[in-house]
Every structure is written in structure tokens, then in C-alpha cells.
Amino acid sequence: MRDPAGFSGCTANLGLKDGADDFAVVVSDGPCVSAAMFTQSLFAGPSVTISREAAASRALRGIMVISKNANVATGAAGRANAEEVRARVAARAGIAPEELLITSTGVIGRPYPMDTIREHLALTPQPLPVADLDDAARAMMTTDTMPKVARRSVGPATVVGIAKGVGMIEPNMATMLSFFFTDAAVAADDLDAVFRRVVERTFNSLSIDTDTSTSDTVVILANGRAGAVDLADFEEQLYQAALELVRKIATDGEGATKRIEVQVTGASSDRQARRVAKTIVNSPLVKTAVHGADPNWGRVVMAIGKLDDEDIDPDRVQVRFGDLPMYPGDPGEEELAVARKYLEGSLAEINVELGNGDAAWRVYGCDLTEGYVHINADYTT
């Protein structure tokens, strides 16, 4: 499948990683409409605050990412450095700084090594060649074990999404870093509305470890080169691309061996369904039970029970591992053996029926392993 027409870019090493690319820029060759969402963290970095200001125009033309340094909690100097880097990259790309979204990901509290960055940016190609989005996805990686790319066709157009992220993931707007590029022609208001609906059902329904990043950013750029598309089809294909990225992130969670998906049905509202599902997928006891293939359904009802929600009646709740009924009832050794075998697989689906209404929600996560502890215990040392 071809990538969307009209996007240029490059990747490079700015000296932050040992040998691998740690920088990417992708820019539309012409005007775009855009939509973006950002972390709500109180410690949002200058890349987020600068980009949030720029994104208000809904006319961004490009994105850039620096990997291995979040440039967060670095004070006024951190903002000045981010503005300088964005201006330098924008000049080489031939666009105004206000048209370029800057993102950074990595260790918090360390300033950019500006002398090194200035030296390496001066070596990037000018003009930019045709963008290689697979290379951009690789350059974004920190503790990721694989690049994350999703492609979909919509009429004459293409939608491509790239993402990074495997830890510090409990989005409260979007996700770690995720960028979408399309040559579909979509009105700015329509693009913003569609994007927010898609983000809510995908990135905002993802959790690895309950921790919201200071740098979360998700954006879509649409340059219209391929012409108009059916808006409903566009939303569906964008949703499918975002969902593929979310599942790749959950599968690649730090130290993860299994993906967990929790589906809650019969809720009184979307909010209730999502809250119950997130509570289950975030429970360390549920995560470790899944890791050990232990069909301990009691941990699921425990997670539901700790919620302050008088609308939930335990007598109406049903719990299944996959299609296997666990609660209510008293599964015997044979049923538990089947459930144990099911949980040994790479995907564990936990299905909960609340019996309150018609709302439903699905969330995505992973098991909790010794690998997660080791990765994060040694992250900066």
C-alpha cells in the first residue's frame, strides 16, 4: 500500500542514541488541515506547550520528534531550547516554525545537549526527500522493541499512522506519541470531530501501567492531495489504523508477555463501562494473575467492587475469561483447567456484563512481569 502523497521528511542521529536515529521530521509539501490532542499532565514539557499553541490554528504542516530526551522540567531554558530547535528544523523544511509541531520523548529533567543537536541538524538534507514513515517510526523508539506503523486505504486516499510507547502509558487525552498522515481532503471541523471520537475509543482506552506521560501528543495532518473521501469511511479507516497501533503498543508493553483486552457490556453509560474496564485492566492483581495463567476470577470482581458506584449490583454482574463463564457460579477443576489453558495464550480477553443498560466499552493493556520492574528500575542508570 502506498503512503499518502505529498509528504517529505528525513531521520537522523542527533547524538542522543548510540548509532541509531533519534530524530525524525515529516512535512507536507503544501497546506494542511490538522487536529491534535495533548497530555493534561501538570508537568507537560515545553514541546507540548509550544505545540499546543501552534495546533490551535488547525493548519499544522509538519511534525518533528526527538527521542531519548523528553526536555521536561527544564525551566525557561528548556522552552528556549525547544523553540530554537523547532525554528532550525522549520527553516530546513521550508515552513514557518508555527506550522511545525515539536515533540520530545525520553528521560525527564535533562536539557537538550544543544551544541550536539545544532551540529547534527546542520547535516540533515535540504530540501527534504520523500518521507519514509517506517524510518520515522523507528527513529521515535525509546524502550520499544519494534516500530509501530498502520496503513489503511480510504477511497483514493491513504491513512498512515506511526506511534511509539511501551511504558508510562495511561493516556488522559491521547497517547505517548502518535502521528497520522493522510492525503484525503477533509474539512478542518470534520477532521477535529472525527479525530477526537477515534482517540477516545482507542488511545484513551489504553493503559500499560496507570502512569500518564508528560509528553503525550497525537496529531493528524491531512493535505487533501488525493481528493475528497466519504467521511464515515474515513472515520472507520482512521479508527482501524489507531486500533492497530493501540494493540501493538499493548502487545509491546514493557516486559509484557500477553495482551489483555477487557470488554464491559450492559453498563448504564459509556463512562461507567470505561471506568469499570480501566479498573480491571489496571489492577496489578489481575495483571499478575493473567501473567501466571491463574484463572483467579475473584481478582476481577475485587477490582469492580472497589469502585464507588452504587449503580453496580453484584447480583447482576457476570464475568467470563474469553467465552468461559467464571462468575456467578462455582467453576470446578475441569472448568478452571480449561480457563488456565486459555490464559496461557498471548491474548487474554476478560468479558464483564453489568446488567445495568446498553452501554459498552473495550480497553487494552498487558500483563505485569518481572521484565517491567527490571526495565524501569534501570531506566536512567
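Colleague: Which hand does the crossing of H1 and H2 have?
Modeller: In this predicted model, H1 and H2 cross in a right-handed way.

Colleague: At what angle do the axes of the two cross, and within what distance do they come?
Modeller: Roughly 55°, with the axes of H1 (residues 46-55) and H2 (residues 75-93) coming within 9 Å. That angle makes H1 oblique to H2.

Colleague: Which residues meet there?
Modeller: From H1, Pro46, Thr49, Ile50, Glu53 and Ala54. On the H2 side they meet Gly78, Arg79, Ala82, Glu83 and Arg86.

Colleague: And by class, what does that contact have?
Modeller: Four nonpolar, two polar and four charged residues make up the contact of H1 with H2.

Colleague: Is H1 mostly covered or mostly open, and how many of its residues are buried?
Modeller: Mostly covered, with seven of its 10 residues buried. Those in H1 are Pro46, Ser47, Val48, Ile50, Ser51, Ala54 and Ala55.

Colleague: Changing topic. How many aromatic pairs does the structure hold?
Modeller: Four. Take Phe7 and Phe181: the ring centres are 5.5 Å apart and the planes are at 70°, so this pair is edge-to-face.

Colleague: Where do Phe7 and Phe181 lie?
Modeller: Phe7 is in strand E1 (residues 7-12) and Phe181 in strand E8 (residues 177-185), so the pair ties together parts that are 174 residues apart in sequence.

Colleague: Are those two buried or exposed?
Modeller: Phe7 and Phe181 are both buried.

Colleague: Which residues do ring pairs link into a cluster?
Modeller: Phe180, Phe195 and Phe203.

Terms used: Residues are numbered from 1 along each chain as its sequence is written. This is a predicted model: local features need pLDDT of at least 70, side-chain atom pairs count only at pLDDT 80 or more; totals for chains, interfaces and linings use all residues. Side-chain values use heavy atoms; hydrogens and water are left out. Axes are lines fitted to C-alpha atoms, for helices over the stretch in contact, and angles run from 0 to 180 degrees between N-to-C directions. Helices (H or I, at least four residues) and strands (E, at least two) are DSSP runs, numbered from the N terminus. Angles under 35 degrees count as roughly parallel, over 145 as roughly antiparallel, 65 to 115 as roughly perpendicular and the rest as oblique. A crossing is left-handed if the near helix is turned anticlockwise from the far one by less than a right angle, and right-handed if clockwise. Contact means heavy atoms within 4.5 Å. Ala, Val, Leu, Ile, Met, Phe, Trp, Tyr, Cys and Pro count as nonpolar, Asp, Glu, Lys and Arg as charged, and the others, Gly among them, as polar. Buried means under 20% relative accessible area, exposed over 50%, partly exposed in between (1.4 Å probe, protein chains only). Rings of Phe, Tyr and Trp (its six-membered ring) pair if their centres lie within 6.5 Å; planes under 30 degrees apart count as stacked, over 60 as edge-to-face and the rest as tilted.
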